Amino acid sequence: MDLGLKGRNAIVCAASEGLGRACARSLAEAGVDLVINARREIELQVTAEEIASTFGVMVKTVCGDVTDTDVRAEIMDTCPAPDILVNNAGGPPPGNFRDWTPETWHLALDANMITPIELIRASVDGMIERRFGRIINITSGAIKAPIGMLGLSNGARSGLTGFVAGLARDVAQHGVTVNNLLPGPFETARLQGTLLGAAKSQGISVDEARTARLASNPSLRFGDPNEFGATCAFIASVHAGYMTGQNILLDGGAFPGTF
Ligand code: NAP
């Protein structure tokens, strides 16, 4: 299927590895020029070069923490008129809420709520003027089925989800869509961290935590980041222009509800 994205450009945050990288690759495969970001320079450069040489698109990099105001300004300077914005950042650490101070909460809110809202604020009016825009936020399956030890993620991402639900309706008439992609367990470095947290809190080994998590998923496997990236590219495509304000769950069937 031609996604109708050739020659468009995208910002993909937190994209040297994992789900962000997969989104960047799938967009590049559809002919989208990219600005990608992450904190570690070498990993970011390697990813940029791999994507550019594989798909023949332009890939620029902005190295730094996306929660930093100056880094976000540099991202916008490097791609002042994005057609597509993929918001992503590392997830907050697991833990027990009794140990979290206001400072802990502020860090999570900054990464998983305020940073994406700030990048939306910087880009949405241009999208409205150009009458095309795709804003895609990588959130979490925990929005629908909260995981106790991921309370920081549950809380911060729910704030973002509530905000963009309103925004999506405000900007729909201008050809701008706003959607959230909710990953369940995908085989990435982040998943390793989550399994480590589960193992620690339950007093079991990481292997046991992995086996238990796999067994609890109806697909009996973890997601492949490429599946996630392909969904991102479809949501960005011309074919998804009537889909907005949605929370799209990719979890192998783990969420047990009918809707
Ligand atoms: P990952 O494999 O750990 O990759 C994270 C990527 O983001 C890396 O490229 C990392 O590079 C970059 N990054 C992290 N923090 C950043 C920051 N502050 N500024 C700029 N770049 C940053 O994670 P993932 O599995 O792809 O997860 C992506 C998002 O989905 C996270 O928010 C995660 O919590 C959420 N999620 C993932 C799963 C899953 O199973 N994988 C499930 C639910 C939710 P640097 O370290 O070099 O910055």
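1. A nonpolar core is a set of buried Ala, Val, Leu, Ile, Met, Phe, Trp, Tyr and Cys residues joined through side-chain atoms within 4.5 Å. Keep that in mind for the next point. Note too that this is a predicted model.

2. The largest nonpolar core has 34 residues. Leu 5, Val 12, Leu 27, Leu 34, Ile 36 and Val 86 have the most contacts inside this core. Several elements supply at least two residues each: the helices α1, α2 (41-55) and α8 (225-236) are among them. So are strands β1 (9-12), β2, β4, β5 (133-138) and β7 (247-250).

3. Leaving aside neighbours within four places in sequence, Val 86 is in contact with Ile 11, Val 12, Cys 13, Cys 23, Leu 27, Ile 136, Ile 138 and Cys 232. There is also a second, separate core, with 25 residues. Val 62, Leu 119, Ile 120 and Val 164 are included in this second core.

4. Now the ligand. The shell around the ligand holds 28 residues. Ser 16, Leu 19, Arg 39, Ala 89 and Thr 188 come nearest. By class, eleven shell residues are nonpolar, eleven are polar and six are charged.

5. Which elements each supply at least two residues of the shell? They are α1 (18-29), β2 (33-38) and α6 (189-202). Helix α6 gives the most, with three residues.

6. A polar side-chain atom of Arg 39 lies 2.7 Å from a ligand oxygen. For Arg 190, a polar side-chain atom lies 3.0 Å from a ligand oxygen. Gly 91 uses its backbone instead: an N or O atom there lies 3.3 Å from an oxygen of the ligand. Taken alone, the ligand exposes 880 Å², and the protein buries 91% of that.

7. Asp 83 deserves a check. Asp 83 sits in the loop between α3 (69-78) and β4 (84-87). Is Asp 83 buried or exposed? Its relative accessibility is 8%, so Asp 83 counts as buried; the cut-off for buried is under 20%. The side chain of Asp 83 makes a polar contact with the side chain of Arg 8, at 3.4 Å. Not counting residues up to four places away in sequence, Asp 83 touches Arg 8, Asn 9, Met 127, Arg 130, Phe 132, Gly 133 and Arg 134.

8. Asn 179 lies in strand β6 (residues 176-183). With a relative accessibility of 1%, Asn 179 counts as buried. What does its side chain reach at 3.3 Å? The side chain of Asn 179 reaches the backbone nitrogen of Gly 245. A polar atom of that side chain also lies 2.9 Å from the backbone nitrogen of Gln 246. Beyond neighbours within four places in sequence, the contacts of Asn 179 include Ile 135, Ile 136, Asn 137, Ile 235, Met 243 and Ile 248.

9. Last, the start of the chain. Leu 3 is found in the segment before β1. Leu 3 is buried, with a relative accessible area of 15%. Not counting residues up to four places away in sequence, Leu 3 touches Ala 30, Ala 233, Phe 234, Ser 237, Val 238 and His 239. Leu 196 is 193 residues from Leu 3 along the chain, and their C-alpha atoms are separated by 38 Å.

Terms used
Residues are numbered from 1 along each chain as its sequence is written. This is a predicted model: local features need pLDDT of at least 70, side-chain atom pairs count only at pLDDT 80 or more; totals for chains, interfaces and linings use all residues. Side-chain values use heavy atoms; hydrogens and water are left out. A residue is near a molecule or strand if one of its heavy atoms lies within 4 Å of it. A polar contact is a pair of N or O atoms within 3.5 Å; within protein, one must be able to donate a hydrogen and the other to accept it, and residues adjacent in sequence count only if both atoms are side-chain atoms. Accessible areas come from the Shrake-Rupley method with a 1.4 Å probe; for residues, only the protein chains shown count as cover. Helices (H or I, at least four residues) and strands (E, at least two) are DSSP runs, numbered from the N terminus. Ala, Val, Leu, Ile, Met, Phe, Trp, Tyr, Cys and Pro count as nonpolar, Asp, Glu, Lys and Arg as charged, and the others, Gly among them, as polar. Buried means under 20% relative accessible area, exposed over 50%, partly exposed in between (1.4 Å probe, protein chains only). Contact means heavy atoms within 4.5 Å.
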